[in-house]
Amino acid sequence: MTGADRIPRLMVSAAHKSSGKTTVAVGLCHALAASGLVVQSFKKGPDYIDPMWLTAATGRRCRNLDPYLSETAEYRGAFRRYGAAADVCVVEGNKGLHDGLALDGSNSNAAVAKALGLPVVLVIDARGMTRGVAPLVLGYQAFDRDVRIAGVILNNLGGSRHEAKLRLVIEHYTDVPVLGGLHCDERLAIVERHLGLVPSSESDAAQQRIAAIGAAVRAQVDVDAVLAIARSAPALAGDGDEVGEAPLPRREPDVRIGVLQDRAFSFYYADDLDALRAAGASLVRVDALADTQLPGVDGLYIGGGFPEVHAAELEANAGLRARIRAATEAGMPVYAECGGLMYLARSLTWRGETHRMVGAIPGDVVMHDRPVGRGYVELAETPAFPWGAAPGRRVRAHEFHYSSLENLPADAPFAYDVRRGHGIDGRRDGLVVRNVLASYAHLRSAGGNEWARRFVDFVRRADYRLRRAHNVVYLAPSRGREAMVV
């Protein structure tokens with residue numbers, strides 16, 4: 001058997017969202033890494049923010065496992081590939097253990113736990129609970145016997161007496177060990193925002209907060225017992241159908257793509273960045289808040305984030321905005337997702353304040369108090385899709401946005417018809433302007449959706465790249481050396 005077959009591993013899940021599982025997972029990852037172990041973290045489902053915290057806690061890039069956007073064989077292969085070099089793998093679930101789109105639970109956390117042979121550590125939000133904790137634990141044990149509830153961690157405890165009562169109840173009525181209990185402590189909380197937790201890229205004291213969470217977990221959780229549970233995971237024998245276990249074949253880089261990566265734009269999947277590189281792209285980091293010039297690149301990728309929070313700073317950087325607009329008007333290929341779409345718009349309005357943005361797309365963004373689009377989406381490519389359209393081709397993705405794009409021209413072309421979800425107007429997504437594709441949908445290079453390769457091929461073919469190569473278009477870098485994307 002290979003190292004991937006015997007890798008210690010577990011899942012941190014919960015009965016419901018906002019139970020504190022991210023705090024527990026980050027603390028466990030930090031505590032295990034601090035003991036000298038190589039820890040590989042994973043996040044189930046579509047999420048950018050939790051993986052940032054997990055990456056910071058382990059020093060290794062967190063990877064996403066998504067049973068809706070990829071087949072079981074694919075995410076099994078990815079797990080084996082990234083987990084093989086680690087001493088222990090920690091998978092953080094999303095929402096509750098059995099939550100998911102499918103009635104049969106086939107895309108739930110529990111399904112991933114079964115597919116990967118993951119013992120489950122259940123985080124229980126203990127606020128207001130005493131004897132009622134027992135039927136909760138018993139119910140999770142009984143609901144699906146193929147999912148092993150290996151232990152519980154109590155969170156948001158009211159004090160030592162509260163912890164003692166809950167421990168006594170669980171030990172009396174169940175055979176599930178209590179691995180620890182975290183007492184209420186606002187200093188350990190990761191602040192939430194309208195789309196979830198605040199990204200670690202925005203937290204000036206992120207490492208200090210992670211260290212404090214790790215110290216609390218070491219003090220209040222039996223980390224050795226957690227590691228023993230991980231080491232008790234069964235062998236993950238190959239079925240012969242895994243895909244993605246081998247490293248991606250890489251083409252020699254011949255295309256330069258700028259990636260906006262800063263406090264305003266930080267929503268990028270590590271796998272997608274890898275896929276862009278594998279397709280032959282050198283990725284050059286651009287800071288939309290600090291860089292006044294655009295490096296000499298052949299295309300741009302602008303991911304999601306929270307541009308509304310940094311709108312005044314983005315507006316103040318008029319130099320970069322003007323250069324990006326000029327580049328798009330000259331035909332530069334640009335792919336923008338959600339926050340990137342918002343940045344390319346004419347203006348962004350939030351909380352009564354309006355700020356000028358790039359103006360590369362003919363629309364204005366307005367933030368709302370409630371979600372406009374949230375969850376998984378299904379799209380169908382239209383003839384306007386710019387990277388080699390396959391009309392009718394179905395694409396699975398996800399969206400999380402509180403904003404809408406307004407005042408668009410009536411004849412604006414769209415790359416997608418929306419079959420599930422909201423997109424830009426409830427029916428369409430993927431606004432196309434020259435060589436710009438701007439969408440509320442977040443794509444992943446998974447499940448047969450090779451968007452990264454298609455975009456790099458489009459950049460490679462674009463007339464803009466040929467003209468830049470002959471110095472007809474050249475935008476000088478603003479720094480003495482260019483920073484690479486991480």
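Select Ser 18 to begin: at 41% relative accessibility, Ser 18 counts as partly exposed. On this scale, buried means under 20% relative accessible area, exposed means over 50%, and partly exposed lies in between (1.4 Å probe, protein chains only).

Before going on, note that this is a predicted model: local features need pLDDT of at least 70, side-chain atom pairs count only at pLDDT 80 or more, and totals for chains, interfaces and linings use all residues. Residues are numbered from 1 along each chain as its sequence is written, and side-chain values use heavy atoms, with hydrogens and water left out.

**Stop 1**

Helices (H or I, at least four residues) and strands (E, at least two) are DSSP runs, numbered from the N terminus. Most residues other than glycine have a negative phi.

Now jump to Asn 407. Its phi is also positive, about 65°, and Asn 407 is not a glycine either. Look for Asn 407 in the loop between β21 (403-406) and β22 (414-420). Asn 407 counts as exposed, at 55% relative accessibility.

**Stop 2: the whole chain**

Zoom out. The protein chain has 14 helices and 24 strands. Of its 486 residues, 59% are buried. Contact here means heavy atoms within 4.5 Å. Take the contacts between residues at least 6 apart in sequence: 76% of them join residues at least 24 apart.

**Stop 3: the cores**

A nonpolar core is a set of buried Ala, Val, Leu, Ile, Met, Phe, Trp, Tyr and Cys residues joined through side-chain atoms within 4.5 Å. In soluble globular proteins, nonpolar side chains tend to be buried together.

Select Tyr 343, Leu 344 and Ile 361. These have the most contacts inside the largest nonpolar core, which has 75 residues. Which helix gives the most to this core? Helix α13 (residues 451-461) does, with 6 residues.

Now center on Leu 344. Leaving out residues up to four places away in sequence, Leu 344 touches Ile 302, Ile 324, Val 334, Ala 336, Val 358, Gly 359, Ala 360, Ile 361 and Val 436.

**Stop 4: two crossing helices**

Show helix α2 (residues 49-58) and helix α7 (residues 206-220). They pack at an angle of about 75°, with their axes 10 Å apart. Axes are lines fitted to C-alpha atoms, for helices over the stretch in contact, and angles run from 0 to 180 degrees between N-to-C directions. The angle makes α2 roughly perpendicular to α7. The cut-offs are under 35 degrees for roughly parallel, over 145 for roughly antiparallel, 65 to 115 for roughly perpendicular, and oblique for the rest.

On α2, Trp 53, Ala 56 and Ala 57 make the contact; on α7, Ala 206, Gln 207, Arg 209 and Ile 210 do.

**Stop 5: salt bridges**

A salt bridge is a side-chain nitrogen of Lys or Arg within 4 Å of a carboxyl oxygen of Asp or Glu. The structure holds 26 of them.

Select Lys 43. Is Lys 43 buried or exposed? It counts as buried, at 2% relative accessibility. Lys 43 meets Asp 47 in a salt bridge of 3.9 Å, N to O. Asp 47 is buried too, at 17%. Lys 43 also meets Glu 92, at 3.1 Å, N to O. Glu 92 is buried, at 0% relative accessibility.

Asp 254 is partly exposed, at 28%, and Arg 251 is partly exposed, at 42%.

Then select Arg 61, Arg 63, Asp 271, Asp 274, Arg 277 and Arg 444. A network of salt bridges links these residues.

**Stop 6: a covered helix**

Finish at helix α9 (residues 270-278). How many of its residues are buried? The count is 9 of 9. Among them are Asp 271, Asp 274 and Arg 277. The cover includes β3 (63-65), α3 (72-83), β12 (281-286), β13 (299-302) and α13. Just after α9, select Gly 280, where phi is positive, about 110°.
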